[in-house]
Amino acid sequence: MKKKQKQKFFQAPKGMRDILPEDQPYWDKFLKNAEELARDYGFSKIETPILEDAELFARGTGETSDVVTKQMYSFKTLAGRTLALRPEGTPGVVRAYLENGLSNLPSPLKFFYSGPMFRYEQPQQGRTRQFWQFGLETIGDKEAVLDVQIIQLCLRILKGAGLKKIDVQINSLGCSHCRSGFRRALMDYYRHRKNKICPDCQKRLKENPLRLLDCKEEKCQPVKSQAPSSLEYLCAECKAHFKSVLEFLDELEIPYFLNKNLVRGLDYYTKTIFEFWLEGENSENPLALGGGGRYDNLIQNLGGKSTPAVGASLGADRVVLAMKKEEVKASSGYNPKVFLVQLGDRGKKKSLKLFEALHQADIVAAESFSRDSIKAQLKIADRLGVKFALILGQQEALDGTIIVRDMAAGSQEIVPQEKIVEEMKKRLKR
Ligand code: HAM
């Protein structure tokens, strides 16, 4: 006899997952509060496509960045164009800014966005291939105060999500002028210690020397700890800018850690760069909750006029993980006051109409229309913590009445159906 083959379920692609209803309260708490705060700080919402020309990320995020060289999902369309799933939001926002002529509006312009990003990474806790970012971008001003406003707003958003213990890690990479001096010094230093670094760092030395400071290999740590710092190579203007950033942070009493090894993984940064770590995060392998910095050359690199800008993104998946770790309370917002219990065909028919009437009167009612047992329905009503159960059985449906049960007292009363909405309004107000 032929063996029946067991049908396999489909699975989400590796590194991508469902965000189920039980997790949504955390996401809502974080994202709704982030959006509200961003609006309060004068940021406007922008949405850009999830797919963009792959070249935008090569020129924007950086041809030598890991994000573009190793982690980008790109493919050819039927028309032969190479598109990519966005690995981050900043280049898309800049493209939209240029394409829609927003550069003609008075500066600075402030944008916020949220949505899924895609990076082909090795999945692990807090690192997925599809993840959600909440991002902020201020375009058109070079003042240090705007760098600090982004940091301040990110911290407020994280606090609003219930995360109070956040470390700000900060550094300055300088402008392209001071960066070249620093790069040279870094390469010189590492060239003399080539036999003491891992094979990946040997490659980084040739292709993207700044990333040498990002290496997590144990072997490289002694070399890294003595490596030159970008701060030693800042020109007068970049030094003054960074000093100003730190003074604003002091003024706001925002503590920070000067982290000379912070380089960030994207190529467009100039001057200030920063990350938000959960307090006590292992500095050898931190899972940043967010990060950002200044990108004064990106707009010009993407074809616009020279325009300074600064921004940051928070990773929602990691924020939610941290919220759970810190046992932050998040509620679904579903808070019914009344439960509709129905019995028999007649009762069921009437209760659907009554349910609608209660909702029209702004009374959130819960139900379990598919259940027939009164005991089971009252049990759910009890679990939901409603104040009243409204019981509509065969007899009540015929009489035009309804039983109002006070759940706390256990008392019951019979009320005419046509008066029930008014009666509930009154009783719930008390
Ligand atoms: P990023 O540091 O690459 O910066 O990403 C920002 C945040 O996204 C990270 O701190 C992390 O929380 C989250 N994230 C990144 N990759 C993953 C992943 N594979 N799984 C889960 N979460 C992840 C940017 O993307 C820049 N666009 C930020 C920016 C805006 N700079 C200026 N403006």
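**Domains, ligand and sheets**

Reply: Taken over C-alpha atoms, the centres of domain 1 and domain 2 are separated by 50 Å. This is a predicted model, where local features need pLDDT of at least 70, side-chain atom pairs count only at pLDDT 80 or more, and totals for chains, interfaces and linings use all residues. Residues are numbered from 1 along each chain as its sequence is written, and side-chain values use heavy atoms, with hydrogens and water left out.

Me: Which residues make up domain 2?
Reply: The bounds come from an automatic or database domain assignment. Domain 1 takes 24-175 + 235-325, and domain 2 is 338-429.

Me: What separates a nitrogen atom of the ligand from a polar backbone atom of T128?
Reply: Polar contacts here are pairs of N or O atoms within 3.5 Å; within protein, one must be able to donate a hydrogen and the other to accept it, and residues adjacent in sequence count only if both atoms are side-chain atoms. An N or O atom in the side chain of Y268 is 3.3 Å from a ligand nitrogen, and a backbone N or O atom of A312 also lies 3.3 Å from a ligand nitrogen. For the T128 backbone atom, the distance is 2.9 Å.

Me: What share of the ligand's exposed area does the protein bury?
Reply: Accessible areas come from the Shrake-Rupley method with a 1.4 Å probe; for residues, only the protein chains shown count as cover. Alone, the ligand exposes 650 Å², and the buried share is 96%.

Me: In what order do the five strands of the open sheet run?
Reply: Strands (E, at least two residues) and helices (H or I, at least four) are DSSP runs numbered from the N terminus, and two strands pair if DSSP finds at least two bridges between them. The edges are β13 (365-367) and β16 (412-416), each pairing on one side only. Pairing is mixed, and the order is β13-β12-β14-β15-β16.

Me: At what angle does α13 run to β12?
Reply: Axes are lines fitted to C-alpha atoms, for helices over the stretch in contact (heavy atoms within 4.5 Å). Angles run from 0 to 180 degrees between N-to-C directions. Helix α13 (residues 374-384) lies across β12 (338-342), β13, β14 (388-392) and β15, and its angle to β12 is about 175°.
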